[in-house]
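Here is a short report on a protein model.

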Amino acid sequence: MNYLQHAKRVIGGITIAAMLFSCEKTFDNEVVAVWDQELAIAGNALTFSNLTQGAESFEWKVMQGETVLHESTEKDLTYTFKYPGAYKVMLTPNGAESAMITREVSISEALPEISLDKEAITGEEITLSYSVYDPDNKGVSEISWEFVAEGSDAADVVTGAEISANAASVAAPVAQFINDGELTLKLAVTMADANLSEGGDGMLKTEEIITVKAELAPTLYIAQKDGTLLKGKINVLGPKVSDMAIDLAGHPLTLRYAENKLYIFNAGSDVVWGTFAQEIPGSIMSVDANDQVMVHAKFLTDTEAENTDHYSDPFAGDIANGKIYFTDRNAGVYQIPASSENLEIAPAGLADLKLVANNELAYYSSYGLNVDGGGYGYGWGALNGDFRVVDGEYWWSKASNHRGLWRFEDGDIGVTTALPAAGGLLQGHTVKAFAVDKVNGKVYFSTNKANDAASVKFYRANLDGSDEELIDDAPFDAEGGTNEAIGITGIAVDPNSGYVYWAYRAAAVAEGEEAIPSGIKRFKLDGELGKDEVEMYIEGIEAYGIAIDAEKK
């Protein structure tokens, strides 16, 4: 496959329409023939379209000098010119020679076409090749490749067994590039059949500008619903994801990348209200750059008797200040040292790890009533949505039956008579998950309930909660039901690619209806709604949490 991007080569000018002739006695209509000069190349089958009206028969002749090369009585003429050069094409209607038209046709030489065996990426070997028109298979007597890098953004050839001083003389040289950018690739071949070139010496030259792409790119991590962990590079042509062979069975709702590690907050097999024997307990684990797994915490939920232990599993979390923060289902936020390993946490032990409980902030009221005119607060039993540490502030969202994204600092904990100075935002939404784009001053967030019905949607707003914009409301997977829809839990912002990414699990469709694909969606960080579209970046993936290592590696 040829990965080169070609501009169309226009040869010899624009489309040419034959002039008209008339014969006063035997033929008095216009005689018109049209052909596409772009296709007037040696080896191409060139069609001359006969637009003459009123004639019953036609005679065509193709001549070079005084030599007749071809004759035809078809209405239209299709002829392949073997060699470049000047030719004459004649058209006579109804045998009326006085009405005959003659047109000069210039046929260009057929230039070689350059191919690469794959996309040019820095550090990877690529094989160059070419194809050339050679009707009698007489072959090529000489080949010359030249790599021309000009300007500070140019790509340079670094190595290649057949390459010396940015040049090669073999048919298919293998090259590597040390940096990305544009490079002009020049090819000259000398044909054994000298008539194939316009100069009569057999020399055919062509050149192409190729773009060498950088192999360094951010890494996207994806926790699939089926328990597999994927990773792939975010690049211009889309990622090639691979399975990391790490078991994430349960509900890995939240992924975070911090301190050169991927952290996974797994809420276990059961995540909604009710009593269950939690088949798969929750856990917090990390994966380092060498794909080595460390289990930071194991949650000791009863796997045999029905109970509510699963309420204590880690639903969301973040890493900052040398600590791992995590939320349970609905009571509070907790913390453990980031260096913790194989820590066993029983439900009764959460109190010793508490950062904040629902009722320890002034946002709290018994039933989630209005907070000082600032919109809805949250109340007893408020389901946790997401939690992040943003520039030293804690951002904690409430989902399902409660609403808002609530910001606070350490000094606000335990103060119930004065609202935190940082304030709340998005009080009108059940915020299941969110991510902050500090560069563009935006917060992206998902909702999971509205008006007592599941309502999984994806929005963005300014960091103060103003100018809310709906980005995506495609039908979503109903897991979790009306009151506790799991919804979108994976949102990640990547300033390098300039997109926000989120995990979309499509709703089931009725029999006979066209299925909607699940996958990883994305939208431009500077995108304009109504102009820029939501893009399905990776199709065919059902995911919970996602995270991005923004460092290009």
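## Sheet with E7 and E8

Strand E7 (residues 85-93) pairs with E8 over seven bridges, in the antiparallel sense. Strands (E, at least two residues) are DSSP runs, numbered from the N terminus. Two strands pair if DSSP finds at least two bridges between them. Met90 stands opposite Thr102 in E8.

These strands belong to an open sheet of four, in the order E5-E4-E7-E8, with antiparallel pairing. Strand E5 (67-72) and strand E8 (101-107) are the edge strands, and each pairs on one side only. On average, neighbouring strands here are turned by 25° against each other, direction ignored. The axes behind such angles are lines fitted to C-alpha atoms, for helices over the stretch in contact, and angles run from 0 to 180 degrees between N-to-C directions.

## How the model is read

This is a predicted model: local features need pLDDT of at least 70, side-chain atom pairs count only at pLDDT 80 or more, and totals for chains, interfaces and linings use all residues. Residues are numbered from 1 along each chain as its sequence is written, and side-chain values use heavy atoms, with hydrogens and water left out.

## The annotated span

The unreviewed UniProt entry places "domain: PKD" on residues 57-114. UniProt positions are given in the numbering used here, feature names are shortened, and annotations may be inferred rather than shown by experiment. The span 57-114 is 0% helix and 60% strand (a helix is a DSSP run of H or I, at least four residues). Its end C-alpha atoms lie 44 Å apart.

## Sheet with E35 and E36

Another open sheet has four strands in the order E33-E34-E35-E36, paired antiparallel. Strand E33 (431-437) and strand E36 (469-472) stand at the edges with a single partner strand each, so one side of each has no neighbour in the sheet.

Strand E35 (residues 453-462) pairs with E36 over three bridges. Phe458 has Asp472 in E36 as its bridge partner.
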